[in-house]
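Here are two exercises to work through with the structure open beside you. Try each task before you read its solution.

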Amino acid sequence: RRFASGSRTFYDILEVTPKAKKEDIKEAYRRLAKKYHPDRNVDDPEAETRFKEVQEAHATLSDSWKKALYDQDLQFSKFGTNMSQQVDREQWTQHWEKETPEERQARKERYERYAKGERNDLPRDHLHTNLWPLTVALVLGGTFYLCIKVPEWFDPEPHYCDPMHNDKSVPL
């Protein structure tokens, strides 16, 4: 895949598929880092820029949070929005440099809670799902009880469906 602008994606740089696992990404990074390391390619001026591209691609794709954001960006940029390509990396990360250590720690803790699935910024669930089995049992039991007991409320004498009950015509 390529961005709408035609530039290479991080998957192209690391020579892996978008469905590659972390182990595959790590292996591709190590292979390409060795291949393009500036110390091994002293005579190649392009090796350093390729090495930096490989490092940036690995830094993004090895972190599951960054990879998810990158994949989302990749997905929507092919539909023509291409918003992330118009914004420099320095522009959208400059507010990180202004945050205090306490704010940075709070952001880190928030991201960790999100990764665990704990979201305290969402409204509480008004329907307590752990009480549903009890609620269903009470409704069904109450309906059954009412169907059996309601006739006794209107006709207090016992009523039996057997026509031979209290039949005086049969001698005993």
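**Exercise 1.** How does the reach of helix α7 compare with the span expected at 1.5 Å a residue?

*Solution.* Start with the limits: α7 runs over residues 101-116 and has 16 residues, a helix being a DSSP run (H or I, at least four residues) numbered from the N terminus. Next, recall that the expected span is 1.5 Å times one less than the number of residues. Finally, look just past the end of α7, where Gly-117 has a positive phi of about 90°.

A word on the source: this is a predicted model, in which local features need pLDDT of at least 70 and side-chain atom pairs count only at pLDDT 80 or more, while totals for chains, interfaces and linings use all residues. Residues are numbered from 1 along each chain as its sequence is written, and side-chain values use heavy atoms, without hydrogens and water.

**Exercise 2.** Which residues do ring pairs link into a cluster?

*Solution.* First, the rule: rings of Phe, Tyr and Trp (its six-membered ring) pair if their centres lie within 6.5 Å, and planes under 30 degrees apart count as stacked, over 60 as edge-to-face and the rest as tilted. The whole structure holds 3 aromatic pairs. One of them, Phe-10 with Tyr-70, is stacked, at 4.7 Å between centres and 20° between planes. Phe-10 lies in helix α1 (residues 10-14) and Tyr-70 in helix α4 (residues 64-77), so this pair ties together parts 60 residues apart in sequence. Then take Tyr-11 and Tyr-70: this pair is tilted, with 6.0 Å between centres and 50° between planes. Together, Phe-10, Tyr-11 and Tyr-70 make up the cluster.

How values were computed:
Helices (H or I, at least four residues) and strands (E, at least two) are DSSP runs, numbered from the N terminus.
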